[in-house]
Amino acid sequence: MEAEKKIKKISYLESLNARTVFDENCIIQVSFALIADKWTLLILTTLMQGTKRNSDLQRQVIGISPKMLSQTLKTLLRYGMISRKVYPEVPPRVEYTLTEFGKSLVEPLSSFYDWSVDWEDRLRTIYKKTKGKK
């Protein structure tokens with residue numbers, strides 16, 4: 001019975017080759033829509049170093065406003081990618097940590113990091129050219 005429930009997981013390339021249509025319902029689009037904004041990946045990457053307090057995140061994620069940090073943390077909590085622990089102290093201490101779901105991004109983001117390093121010169125050149133055109 002259990003074996004019947006298991007569905008063969010196909011690779012990205014197999015899925016890509018089997019598709020004739022791509023739209024907003026494509027799982028890769030759904031995944032990117034949830035995590036690929038300006039701040040989410042930076043916060044997740046910072047939390048991959050370990051548990052952090054709000055002030056640690058504010059200090060490490062350069063350029064993020066306190067309001068945007070708060071909004072992004074609330075979103076990641078809602079997604080179940082991070083957990084929040086409040087300690088009954090004065091002043092209150094709050095820590096954020098990755099959940100198992102959040103930790104599941106380590107491997108794919110490591111691959112993306114490797115790709116970024118391999119293509120760093122080209123990526124920086126493109127980024128510089130496009131950054132001035134906004």
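Helices are DSSP runs of H or I with at least four residues, and they are numbered from the N terminus. The model discussed here is predicted.

Helix α5 spans residues 54-60 and contains both D56 and R59. These two residues are 3 residues apart, about one turn of the helix. Their side chains meet in a salt bridge, with an N to O distance of 2.8 Å. D56 has a relative accessible area of 22% and is partly exposed, whereas R59, at 56% relative accessibility, counts as exposed.

R93 takes part in a salt bridge with E89, at 3.0 Å from N to O. The side chain of R93 also meets that of E95 in a salt bridge, again at 3.0 Å from N to O. E89 counts as partly exposed at 35% relative accessibility. E95 has a relative accessible area of 18% and is therefore buried, as the cut-off for buried is under 20%. Through shared partners, salt bridges join E89, R93 and E95 into one network.

**Summary of the pairs**

The structure holds 5 salt bridges in total, among them the pairs tabulated below.

| Salt bridge | Distance, N to O |
|---|---|
| D56 and R59 | 2.8 Å |
| R93 and E89 | 3.0 Å |
| E95 and R93 | 3.0 Å |

Notes. Residues are numbered from 1 along each chain as its sequence is written. This is a predicted model: local features need pLDDT of at least 70, side-chain atom pairs count only at pLDDT 80 or more; totals for chains, interfaces and linings use all residues. Side-chain values use heavy atoms; hydrogens and water are left out. A salt bridge is a side-chain nitrogen of Lys or Arg within 4 Å of a carboxyl oxygen of Asp or Glu. Buried means under 20% relative accessible area, exposed over 50%, partly exposed in between (1.4 Å probe, protein chains only).
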